[in-house]
Amino acid sequence: MKIAVLPGDGIGTEIVAEAVKVLKALGLSFEMESALVGGAAYEAHGHPLPEFTLKLAQAADAVLFGAVGDWKYDKLDRPLRPEQAILGLRKHLGLFANFRPAICYEQLVGASSLKPELVAGLDILIIRELTGDIYFGQPRGRRTAVDGHFPGAEEAFDTMRYSRPEIERIARVAFEAARKRSKKVTSVDKANVLETFQFWKDVVTEVGKEYPDVALDHMYVDNAAMQLVKAPKKFDVVVTGNMFGDILSDEASMLTGSIGMLPSASLNDKKQGLYEPSHGSAPDIAGKGVANPLATILSAAMMLRFSLNQEEAAARIETAVQKVLAQGLRTPDIYSEGTTQVGTAQMGDAVVKALG
Ligand code: NAD
Ligand code: IPM
Ligand code: MN
């Protein structure tokens, strides 16, 4: 079992160190190899996704990824910005299916910004399409407008697009996942305005006919954003495009107590996967040893389950995380009165200890 470990920037290095600690404590035989990615790789090699890093990821069974990015790189040409590393990995590895499970652990009900009764028992799965949409659509760029409200003015443009096979395969992933849960899929779109998302809705509906045992409903993204904070437990599996999924998953993270709790798995059709927390490099708290490592540790559990066939080890990690929360240990993002505040490394150590 080969794992490529790509910590990246900011808190990426701090949280990945804790996940690696937990993986090593399992006593399984992994081959782990690390490489630079993002801003760190740009500094050392002049590119956010050097050939070596990409090859390492391609040759691995799974990639454990931290986060990339820092404000100081925002002025670089786009191909050199740290974020291009994660986008490039998704593209090159064909990681079209992004699972972002938002689970509110019993112990964290009070850490959510919503009323406890709205989030207690919450367990939703956001499935975000990850290699299409306006993120990757061509053409894009800057030019002089020839029409629109201000002909002759400087303008910028991106292209939102989805092909039928791209929608079909992510829809199947969602219906299959729903079959293993409560058999309900909500497809989120903006079909009332966008051609791309009318097509999305039509194709998801067609694929849904192959899954008569799964209930399918459709919701516009603006309403979905509202319903997620009004009555989140009405959702089960949510399937949506790349950009809407990015936004809705950050929103959903607060239902679990903190963005530091939301893991993710990005899979291709070969079960090869990249596992990363849903959050970013958090430059505002980087280097302080206070970041919550649990999203990354839970992503490592997803890696064991989805890519490495180690269900038992995955469950061990998840149980250990719940134990540590039950012990009252909290990083600052999930801290509340009556609990014990700890740092990143202490949290990782506690999870290792709780593995038993
Ligand atoms: P962010 O997710 O990094 O941070 C948002 C807020 O959440 C910050 O206040 C941060 O302190 C907090 N936060 C995030 N993770 C946390 C954790 N584990 N524990 C405690 N608090 C946590 O989003 P941002 O500030 O918009 O972006 C920062 C940089 O990260 C940007 O360069 C962005 O492009 C990049 N980014 C990268 C990824 C990725 O690598 N997959 C994902 C999102 C953002
Ligand atoms: C995420 C991040 C990325 C995205 C950025 C860093 C490219 O926000 O993984 O959610 O938008 O997909
Ligand atoms: Mn995001």
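Around ligand 1, the shell of residues divides into 11 nonpolar, 6 polar and 5 charged. Here Ala, Val, Leu, Ile, Met, Phe, Trp, Tyr, Cys and Pro count as nonpolar, Asp, Glu, Lys and Arg as charged, and the others, Gly among them, as polar. The model is predicted: local features need pLDDT of at least 70, side-chain atom pairs count only at pLDDT 80 or more, and totals for chains, interfaces and linings use all residues. Residues are numbered from 1 along each chain as its sequence is written, while chains are lettered from A and ligands numbered from 1 in the order in which they are written.

**The two ligands**

Which residues come nearest to ligand 1? Of the 22 residues around this ligand, they are Gly 69, Gly 260, His 279, Gly 280 and Asn 292. A residue belongs to such a shell if its C-beta atom, placed from the backbone, lies within 6 Å of the molecule. Two elements, α1 (11–25) and α4 (83–92), each give two or more residues to the shell around ligand 1. Helices (H or I, at least four residues) and strands (E, at least two) are DSSP runs, numbered from the N terminus.

Now look at ligand 2. Its surroundings are Gly 69, Glu 83, Ile 86, Leu 87, Asp 246, Ser 278 and Gly 280. By class, that makes 2 nonpolar, 3 polar and 2 charged residues. Helix α4 contributes the largest share, 3 residues.

**Positions from the UniProt record**

An unreviewed UniProt entry lists Asp 222, Asp 246 and Asp 250 under "binding site". These positions spread over 29 residues of sequence but cluster in space, with a largest C-alpha distance of 14.5 Å. UniProt positions follow the numbering used here, feature names are shortened, and annotations may be inferred rather than shown by experiment. You can find Asp 222 in helix α8 (residues 221–230) and Asp 246 in helix α9 (residues 242–253).

How open are residues like these? A residue is buried if 20 or more other C-beta atoms lie within 10 Å of its own, exposed if 12 or fewer, and partly exposed in between; C-beta atoms are placed from the backbone.

| Residue | C-beta neighbours inside 10 Å | Class |
|---|---|---|
| Asp 222 | 13 neighbours | partly exposed |
| Asp 246 | 18 neighbours | partly exposed |
| Asp 133 | 25 neighbours | buried |

**Backbone details**

Most residues other than glycine have a negative phi, and most peptide bonds are trans. Asp 133 has a positive phi near 70° and lies in the loop between β5 and β6. In that loop, between β5 (123–129) and β6 (141–144), you also find Pro 139. A cis peptide bond, with omega about 0°, joins Gln 138 and Pro 139. Lys 183 has a positive phi of about 60° and sits in the loop between α6 (164–179) and β8 (184–189).

**The whole chain**

How many helices and strands does the chain have? There are 12 helices and 14 strands. Buried residues make up 48% of the 356 residues. The C-alpha trace spans about 65 × 50 × 40 Å along its principal axes.

An automatic or database assignment gives domain 1 (1–97 + 263–356) and domain 2 (113–134 + 161–256). Their centres, taken over C-alpha atoms, are 24 Å apart. The contact between them takes 8 residues from domain 1 and 10 residues from domain 2, where contact means C-beta atoms, placed from the backbone, within 7 Å.

Note on methods:
Two residues are in contact if their C-beta atoms, placed from the backbone, lie within 7 Å.
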